[in-house]
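Subject: Structure handover

Hello,

Here is the structure you are taking over. My notes on what was found in it follow below.

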Amino acid sequence: MPSGGRSALEACTLFVLLQPQSWLDVLTIALYQWEERILTLDPVSVKHILVNSSVYEKPWQSRQLISSLIGCGMLAAEGVVHKRQRKVAAPAFSTSSLHNLRPLVFKKGMELRDKWLELVALQPQEKEITLDVCHWVSRATFDVIGVAGFDYEFHAIQNESNELFNAYKEMFEIAISQGDGLSTFVSIYAPWVYKLFPSHISRTVERCQEVIHRVAGNLIQDKKAKIEEGARSGKPYNGRDLLTLLLKSNVSVDISPSERISDDDILNNINTFMFAGSDTSSLAVTWILYHLAAYPDVQVRLREELLSALPDALEDMSVLTEDEVHSLYATVENLPLLEHVIKESLRLVPPVHSSIRVSTKNDEIPTSFPIVLKNGKVDTKQTLSVKKGDIIHVAVEGFSLDKAFWGEDAWQFNPDRWDHLPDEAAQLPGMYGNTLSFSFGPRSCIGQRFSLIEIKSFIYTLVTTFEFKLTERKIVPSNVVLTRPYISKHFHEGSQCPLLVSRYNGPRKS
């Protein structure tokens, strides 16, 4: 099918084992001989699991894998450590703080636009050129998180020569996208093996981590020095980047000495921001552009709506002042079709395919209806008994694609569904659009609003400048830590999403 959703065969693996009232029941799936997971599509049950994050934590295996790459930041931390880190980081993601970052994000969106215009101009004989939008958008979101995250220029849109940029990209690509099951198993269960017998992957990760600790560590010390000098001189350092706000928050009177986090924790969370703030947002933008290419009628409607937001006397966003950017974004963020397109794309292809939790104690998980047990009997107590150590599979994509929630067209791209959501879908838990794209509860994505600023700014800039079409190569999604695009039957070539791109030369106003 043309949409970015899973094929019918892939989608059915989540639902075909269920009884007719499938989403009301609870499954236990034997994924491996040594592990069973509880999978539920009951929104009452999932809400209970995600809200009670002190009872249902990430398994130690997940935390070990994450920590081995980017350290124990907010993605890997649990309990008191996670609460402390999140409390320190909260001011950096406040509405007022993110408001100040809008012009920086818009500027990078326009820089990507200008780079693509250069590439189009290099082939004047061609009506359209093929661009791997996944690759290019990823470079741009790295630039965004570099500038907005810690006031550092990767210049990744222009070239890929920056040492720190390459360290992050290479580590994520080799360790995550190209890692095999065996290397992952060893990293989790027997990391000492790679100390004795280093592999290509382990050596690469170690080399990249050395660069990150050296360069990013120096950035942290430089920022701390500027903040301390500002305090001594009576002229406070007014950096707007997330690192500055994080460091200021860490020494503020609102944070007691016992709640403050170490420089290592700061670095671990910078790594977390790099991974979560660049990769997930770039994939979200990529899948949105893919869906617009697959549904040209929606692309035309969206472009008309976006162009209507530009001030009448202005056709070039590059001349906008910061105040004008704020005014423009205030209009753009409330455009209804743009909002619907983003929600629909995130619903069909959530960057985070699923999540896993483990029960830290015996518990009763509430259910909407009586449970049909594995032996066929009906348990009428409307709770599921779980024991300490039981593993729960939170099917983010399952909620997004279940026809019982979203209707018979659940596997199709239809932004207009958001005008009249089915009651079942409207009651689903979620931080954005009744989906779990940004999770839910105390461990929901702290950077949700920042990500939406990125997504909306980039889509606005690119769709008002270019037209997008599908190539003849079929793009399929695959869950490789995150849901990435691949060319069908060419998985070995790595994640990519080639689209035909041409300059939009139509009217700027309808």
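**A nonpolar surface patch**

On the surface, Trp60, Phe185 and Tyr189 form a nonpolar patch with about 320 Å² of accessible area together. Patches are built from residues with over 30% relative accessible area and no salt bridge; like charges are joined within 9 Å, and nonpolar side chains (Val, Leu, Ile, Met, Phe, Trp, Tyr) within 5 Å. A salt bridge here is a side-chain nitrogen of Lys or Arg within 4 Å of a carboxyl oxygen of Asp or Glu. Accessible areas come from the Shrake-Rupley method with a 1.4 Å probe, and for residues only the protein chains shown count as cover.

Trp60 lies in helix 3 (residues 60-70). Helices (H or I, at least four residues) and strands (E, at least two) are DSSP runs, numbered from the N terminus. At 44% relative accessibility, Trp60 is partly exposed. The classes are buried (under 20% relative accessible area), exposed (over 50%) and partly exposed in between, with a 1.4 Å probe and protein chains only.

**What the model is**

This is a predicted model: local features need pLDDT of at least 70, side-chain atom pairs count only at pLDDT 80 or more, and totals for chains, interfaces and linings use all residues. Residues are numbered from 1 along each chain as its sequence is written, and side-chain values use heavy atoms, with hydrogens and water left out.

**Overall form**

The protein has 20 helices and 14 strands. Of its 510 residues, 55% count as buried. Along the principal axes, the C-alpha atoms fill a box of roughly 70 × 55 × 45 Å.

Helix 11 has 34 residues and reaches 49 Å from its first C-alpha to its last, close to the 50 Å expected at 1.5 Å a residue. The expected span is 1.5 Å times one less than the number of residues. Just after helix 11, Gly234 takes a positive phi of about 80°.

Lys223 and Asp151 meet through their side chains in a salt bridge (3.4 Å, N to O). This pair links distant parts of the chain: Lys223 is in helix 11 (residues 200-233), while Asp151 is in the loop between helix 7 (133-150) and helix 8 (163-177), 72 residues apart. Lys223 is buried at 5% relative accessibility, whereas Asp151 is partly exposed at 47%.

Phe154 is also found in the loop between helix 7 and helix 8. Its relative accessible area is 2%, so Phe154 counts as buried. Phe154 and Asp143 are eleven residues apart in sequence and 5.6 Å apart in space, C-alpha to C-alpha.

**Other salt bridges**

Side chains of opposite charge can pair when their charged atoms come close. A search of the whole structure finds 28 salt bridges. One of them joins the side chains of Asp114 and Arg113 (2.9 Å, N to O). Asp114 is partly exposed, with a relative accessible area of 33%, and Arg113 is buried at 10%.

Another salt bridge is formed by Arg347 and Glu344, with their closest N and O atoms 3.0 Å apart. These two residues are separated by about one helical turn, because Arg347 and Glu344 are three residues apart in helix 16 (residues 336-348). Both Arg347 and Glu344 are buried.

**Cysteines**

How many disulfides are there? The count is zero, where a disulfide is a pair of cysteine sulfur atoms within 2.5 Å. The sulfur of Cys208 is 19 Å from the closest cysteine sulfur, in Cys134, which is too far for a bond. Cys208 is buried, with a relative accessible area of 1%. For Cys445, the closest cysteine sulfur is in Cys72, 17 Å away and also too far for a bond. Cys445 is partly exposed at 34% relative accessibility.

Ile487 lies in strand 13 (residues 482-487) and is buried, with a relative accessible area of 2%. Ile487 and Ile475 are twelve residues apart in sequence and 4.7 Å apart in space, C-alpha to C-alpha.

Regards
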